Amino acid sequence: MAQEQIILDIPADHENNIFGGLDAHLKKIERALRVEVILRDGSVKITGDEQAVKEARRVFAELLAMSQRGNTITEQNVDYVLALTKEKSSVSLVDIDKELVGFTIQGKPIKPKTLGQKKYVDAILEKMMVFGVGPAGTGKTYLAMAMAIQAFKQDEVGKIILTRPAIEAGENLGFLPGDLQSKIDPYLRPLYDALYQIMGADSFVKNSEKGLIEVAPLAYMRGRTLDNAFIILDEAQNTTPAQMKMFLTRIGFGSKVVITGDLSQKDLPFAAVSGLEQALKVLRDVEEIGVSYLTNKDVVRHPLVQKIVHAYEKYEAREQYRENRKNQRQKRK
């Protein structure tokens with residue numbers, strides 16, 4: 001196949017950001033697209049077959065635009081741009097980056113980083129209730145938390161309520177020392193961590209003491225009506241159908257609800273039905289309810305997490321296929 005060569009101008013003040021430490025990003029692009037990239041005097045010479053060079057041009061253009069917007073280019077950014085390019089997607093990472101959710105206490109912007117995350121954020125803005133379903137690391141809880149805090153700061157809601165079912169992940173915490181709160185806190189720690197990062201510990205404590213921010217186990221929601229609040233139910237895959245119905249019927253006027261969960265990480269007893277799984281079937285035709293499905297492509301933690309999630313998905317798909325074949329053979333007998 002005929003080789004093609006192009007030269008791109010990369011401003012010197014963006015070189016390190018785009019190419020990565022020890023040119024790690026550049027080497028990843030070379031391997032993924034099978035092109036040769038040479039840096040020389042503020043320009044990039046790209047050599048490879050016609051399609052590969054065309055794809056490399058788009059990748060560098062996207063990363064430069066992201067860098068010019070003040071972003072620190074991460075390995076996840078590079079992986080996602082490469083994926084969009086390989087899929088010939090019309091989606092631009094820059095368009096996704098334009099949607100600002102809020103800021104952390106350190107002043108860092110909180111934004112969706114993938115198309116799936118952007119659709120999730122848009123659904124929360126548009127719908128009264130949204131289910132965010134997907135694997136670990138896709139930002140389901142963190143983005144919902146950021147949007148809840150933003151709505152609270154702008155007086156769109158008068159209260160934030162964060163809740164989780166207190167289900168043990170294969171470990172028994174019942175014999176740990178301490179009072180009831182001490183036993184419950186380990187279940188709620190991820191919610192506290194996100195609150196501290198986005199809102200700051202002092203602000204959280206002050207609003208918590210006023211009763212304006214509440215972090216509590218799901219069981220504490222029974223018998224209440226939740227008006228004018230932004231409510232997040234996290235780890236919803238660990239609810240029973242009865243718990244989920246109880247929670248959904250607590251919702252009052254002026255409230256917004258986000259329910260997050262990962263159906264691949266249920267800690268319920270074997271063969272028990274997940275309240276999240278049932279709710280997705282029961283409520284699928286209710287217009288005011290949105291459902292956002294995130295995938296391993298939306299994982300924004302360390303790139304290794306994305307590979308782990310993908311590997312488990314492939315393994316579970318193979319096991320399901322074998323189980324189906326086994327059942328079919330037994331039926332024939």
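Which residues point one way from β8, and which the other way? Before I answer, a word on the source: this is a predicted model, in which local features need pLDDT of at least 70 and side-chain atom pairs count only at pLDDT 80 or more, while totals for chains, interfaces and linings use all residues. Residues are numbered from 1 along each chain as its sequence is written, and side-chain values use heavy atoms, with hydrogens and water left out.

To the question, then: I213, V215 and P217 point one way from β8, E214 and A216 point the other way, and all are buried, where buried means under 20% relative accessible area with a 1.4 Å probe, protein chains only. Because five of the five residues of strand β8 (residues 213-217) are buried, the strand is largely enclosed by the rest of the structure; strands here are DSSP runs of E, at least two residues, numbered from the N terminus.

Turning to the neighbour, strand β7 (residues 159-164) runs parallel to β8 and is joined to β8 by five bridges, with I160 standing opposite I213 and R164 having P217 as its bridge partner.

As for the sheet, six strands form an open arrangement in the order β8-β7-β9-β10-β6-β11, with parallel pairing, where two strands pair if DSSP finds at least two bridges between them. The edge strands are β8 and β11 (289-293), each of which pairs on one side only.

Technical notes: Buried means under 20% relative accessible area, exposed over 50%, partly exposed in between (1.4 Å probe, protein chains only). Helices (H or I, at least four residues) and strands (E, at least two) are DSSP runs, numbered from the N terminus.
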